[in-house]
Amino acid sequence: MRRFIYSSIAVFSVVQGVAAAEQHGSMLMLPNGDSVKWQPGPADLPKGSQIAVLAGDPGQPGPFVLRVKFPPNTLVAPHRHATAENLTVLTGQFYHAMGEKVDKSSGEQMKPGGFVYLPGQMPHYVWTTDTESVVQVTGTGPFGLIYVNPSDNPGKTN
């Protein structure tokens, strides 16, 4: 499947009360990082990735907040997103580059606190080196991931 729609990860919601809180206009608070409940990432993310949906449903219209934990030495091949992406590095050494072909010499290291905004449909790729990295992604759904080369999709089925 060329396009990864995050609606499949709605079942990975960190807190079961998120939907109820949003529906009733209630506040949702995770007081520290230990409050975040990680789940295995979907097949379209590299093996070993984990995800936590903090608020919203990335597969539906409206705002969302999610976190992705990438293991050391992970590459997410060139891809695009259906809508704009706001990415903030929380931990680790994380690298980002623009383009449709991997060229790590053109990438930028993003340290904790680093931020990148990407308009929808902008091709880019990310990777980690010898440390685990955690990033927070915010945007407006429906949010999707489209690999530039469909064969790069780790969840591709023949």
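Analyst: Strand S3 (residues 50-55) pairs with S4 in the antiparallel sense over five bridges. Strands are DSSP runs (E, at least two residues), numbered from the N terminus, and two of them pair if DSSP finds at least two bridges between them. This is a predicted model: local features need pLDDT of at least 70, side-chain atom pairs count only at pLDDT 80 or more, and totals for chains, interfaces and linings use all residues. Residues are numbered from 1 along each chain as its sequence is written, and side-chain values use heavy atoms, with hydrogens and water left out.

User: Which residue stands opposite isoleucine 51 in S4?

Analyst: Valine 68. Alanine 52, in turn, stands opposite arginine 67 in S4.

User: What sheet order do the six strands have?

Analyst: The order is S2-S3-S4-S11-S6-S9, an open sheet with antiparallel pairing. S2 (39-40) and S9 are the edge strands, each pairing on one side only.

User: How many bridges join S2 to S3?

Analyst: Two, and the strands run antiparallel. Proline 40 stands opposite glutamine 50 in S3.

User: Back to valine 68. What does it touch?

Analyst: Leaving out residues up to four places away in sequence, Valine 68 touches Trp38, Leu45, Gln50, Ile51, Ser133, Val134 and Val135. Contact means heavy atoms within 4.5 Å.

User: And how many residues has the largest nonpolar core?

Analyst: It has 20, and Val68 is among those with the most contacts inside it. S4 gives the most to this core, with four residues. A nonpolar core is a set of buried (under 20% relative accessible area, 1.4 Å probe, protein chains only) Ala, Val, Leu, Ile, Met, Phe, Trp, Tyr and Cys residues joined through side-chain atoms within 4.5 Å.

How values were computed: Buried < 20%, exposed > 50% of the residue type's maximum accessible area, 1.4 Å probe, protein only.
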